[in-house]
Amino acid sequence: MIGRKKAEPSEGAGQVPVIVYSRPGCPYCFLLRHSLRRRRVKFTEVDIWQHPDAAAAVRSVADGNETVPTVHVAGQWLVNPSAARVAQLARNSPNP
């Protein structure tokens, strides 16, 4: 998808894909990204302001709100999750 920013390729070996839905200037998104990088969790980021389909996906799992960060990992949608929970799901799920 256009507009996704990938984490460094050396990170996140042995994990399922993690997609972080965010928007510019969101302090909670910044904190989650920072914490995921510290845990060496590889993720793809999607800006919901640049991608209407991503914003619609977030609204569909966040009671109609564009609450970010929202994360899709291991087949689950997590609204404003902790980095620890995301890392746990990313590493403890079988690879697709």
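This is a predicted model: local features need pLDDT of at least 70, side-chain atom pairs count only at pLDDT 80 or more; totals for chains, interfaces and linings use all residues.

Started with the fold order: going along the sequence I read β-β-α-β-α-β-β-α. That gives me three helices and five strands.

Next I looked up the overall numbers. The chain has 96 residues, and 44% of them are buried. Of the contacts with a separation of 6 or more, 65% join residues 24 or more positions apart. I also noted the accessible surface, about 5,600 Å², with carbon and sulfur atoms holding 51% of it.

Then the inside. Which residues have the most contacts within the largest nonpolar core? I got Val18, Val20, Leu36, Val71 and Val73, in a core of 15 residues. Two or more residues each come from β2 (18-22), α1 (27-38), β4 (70-73) and α3 (83-92). The largest share is from α3, with five residues.

There is also a second, separate core: eleven residues, including Ile19, Tyr21, Cys26 and Ile48.

Skipping neighbours within four places in sequence, I found Val73 in contact with Val16, Pro17, Val18, Leu78, Val86, Leu89 and Ala90.

Last stop was α3. Its buried residues are Ala83, Val86, Ala87, Leu89 and Ala90. Why do they sit on the same side of α3? Because they cover an arc of only 165 degrees around the axis. I checked what the buried residues of α3 pack against, and wrote down β2, α1, β4 and β5 (76-79).

Conventions:
Residues are numbered from 1 along each chain as its sequence is written. Side-chain values use heavy atoms; hydrogens and water are left out. A nonpolar core is a set of buried Ala, Val, Leu, Ile, Met, Phe, Trp, Tyr and Cys residues joined through side-chain atoms within 4.5 Å. Buried means under 20% relative accessible area, exposed over 50%, partly exposed in between (1.4 Å probe, protein chains only). Helices (H or I, at least four residues) and strands (E, at least two) are DSSP runs, numbered from the N terminus. Contact means heavy atoms within 4.5 Å. The arc is that of the directions from the helix axis to the C-beta atoms. Accessible areas come from the Shrake-Rupley method with a 1.4 Å probe; for residues, only the protein chains shown count as cover.
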